[in-house]
Amino acid sequence: MESKRFIAAALAGTMLFCAGCGGQEETVEEAPSGTAVEVMEVTAGPMSAEYSLTGQVAAVNAVQVFPLLAGQVLTLSVEEGDTVSRGQTLFTVDTSTVTSTLGALQQSYDATKAATDRAIESARIGVEQAQQAVDNAQALFEAGAAAEQDVTKAQQALAQAQAGVAQAEAQQTASLAQITASMQQITTQAELGTVTAPCAGTVTAVNLVRGGMASSAQPAVVIAENGAVEVTTSVAEDVYMNLKEGDEAGVLISVLSDEMITGTISSLPAAANVQTSLYDVSIALPSDVKPPIGAFATVTFYTDRRDATISVPSEAILTGANDEQYVFVVDDYAEGETAVRVTVETGLVSHTDTEIVSGLVEGDRVVIKGQSYLSDGAAVRVVTGEDDTPSPDTAAPAAADGEG
C-alpha cells in the first residue's frame, strides 16, 4: 500500500513538472518583411513653374527734398518713419548770411525816398511859381501891358516845371524799385531757409542733423508719397519673357510674417537695366500690408501655368546612370507588395513638385519616402507617417548602378 502511494505521488509530480515546462514556451512573432515606404497616389491637377528671387520693399514714388539754401540746420522737425502732411515744416536753415545786408538796404531805401521826396517837393514848388507867372503874364496881356510873347514864355516855363516834377517822381520810382527788388530777392532767399514737405507721406530718410550743414549735394529728406510701397526685384530674360502686368506673385516679408502674401505685378520695364542686364519688376502689395521700406522680401513668380498636370514631389525622383530619371511605383502582387522602377520624363519644376510628362498615370502609387533604399522588384511594406518610418535599418540596399 505504501509503495502504491509513492508511485502515485511520483506520477503527480512528473505531471506537474511537465505542465510547468509547457507554460514556459514563448511565441516568437515574425518581423514584417520588406522595406518600409510611404507612397502617394498620383492625381492630375494645376501646376506652374516657380522662380524665387530676393526683392526689397521700396516707395512707389520716392520724393527727394533738397535744400535750396545752404547753411547751418537750425531746426529739424522730422525723423525716419514720421508721417507728414503737405506743407509741413521739415527743417530750417540759418539765413543770417543772406539777410545781413537787408538792414543796409532798408536804410538806403529810406534815405533815397527822403531825398527824392525833397526833389519832388521842390519841383512842385517850381510848378506853382511858373503857374503864377503865367497868370500874371496873361493878366498884363489882357490889360495891354504885356505882349503875347511874354505869355508864351511863361507857359513854356510852366511846362518845363511840370516836366521836372514828372522826372523827379520817375527817378524816385526807379531808385526805390531797384532797392525794393534787392530787398525782395533777399526776403525770397530767406524764405528758402524754411523747408516744407512737397507732399503727404512717410519719411523714409533724413540726411541732416541739427547743427550740421545743409547743402544741395544730396537730398535732405526723402518722402514716400502717400506712404505707398511696393516690392521690387530683378529677373533674367528667360523669366521676364513669361511675365505680364497683372500676374500674381507670392511675396514673403519675414519682418511681417512667415506666411506668403499674394501681390500683383504692377509694372514691367521696356528694356533691361543697362548696368545689370536684368529686368526690374515692381510688385504691388495688398492695401492692408504696410511693410517698412528697405525690408527684404522673397518674391516667387509663377509661369507656364497648366490645369491638368501629373506631378510628384521632386524628392521622389531619383537619378541613375546617364542622367536617367526614375521613380519607384508600388505594385500589389498576390505574394506581397513590390517596388517597380519606372523611368520618367520630367517637365515643369515648382518649389516642391516636378511635372511628370511620361511614365506615370493617375492612380499610380509612387514611393515618396524610402525610395533611396529600393531596387527594382524589392519587397516593400507601405506605412504612413504615423506608422513605422522608412529607415536604412530595415531597408534593402539600393541597386549599385550609380543611382542617386
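This is a predicted model: local features need pLDDT of at least 70, side-chain atom pairs count only at pLDDT 80 or more; totals for chains, interfaces and linings use all residues.
Residues are numbered from 1 along each chain as its sequence is written, and side-chain values use heavy atoms, with hydrogens and water left out.

Let's start inside. A nonpolar core here is a set of buried Ala, Val, Leu, Ile, Met, Phe, Trp, Tyr and Cys residues joined through side-chain atoms within 4.5 Å. Buried means under 20% relative accessible area, exposed means over 50%, and partly exposed is in between, using a 1.4 Å probe and protein chains only. The largest nonpolar core has 20 residues, and Val231, Val235, Ile253, Ile283 and Phe301 have the most contacts inside it. Among the elements giving it two or more residues are strand 11 (229–235), helix 5 (237–240) and strand 15. Helices (H or I, at least four residues) and strands (E, at least two) are DSSP runs, numbered from the N terminus. Another core, of 18 residues, lies apart from that one and includes Val84, Val206, Leu208 and Ala214.

Now, please find threonine 303, in strand 15 (residues 296–313). Is threonine 303 buried or exposed? It counts as buried, because its relative accessibility is 2%. Contact means heavy atoms within 4.5 Å. Not counting residues up to four places away in sequence, threonine 303 touches Ser48, Ala49, Tyr51, Asn242 and Leu243.

On to the sheets. Two strands pair if DSSP finds at least two bridges between them. There is an open sheet of 4 strands in the order 7-6-4-9, with antiparallel pairing. Its edges are strand 7 (194–196) and strand 9 (213–214), each pairing on one side only. Strand 6 (residues 89–93) is joined to strand 7 by 3 bridges, and phenylalanine 91 has valine 195 as its bridge partner.

Strand 1 (residues 35–41) pairs in the parallel sense with strand 22 (residues 380–382) over 3 bridges. Strand 1 also runs antiparallel to strand 21 (residues 365–369), joined by 4 bridges.

Finally, two loop residues. Asparagine 226 has a positive phi of about 60 degrees although it is not a glycine, and its loop lies between strand 10 (221–225) and strand 11. Asparagine 226 counts as exposed, because its relative accessibility is 60%. Asparagine 322 also has a positive phi of about 60 degrees, and it is exposed, with a relative accessible area of 81%.
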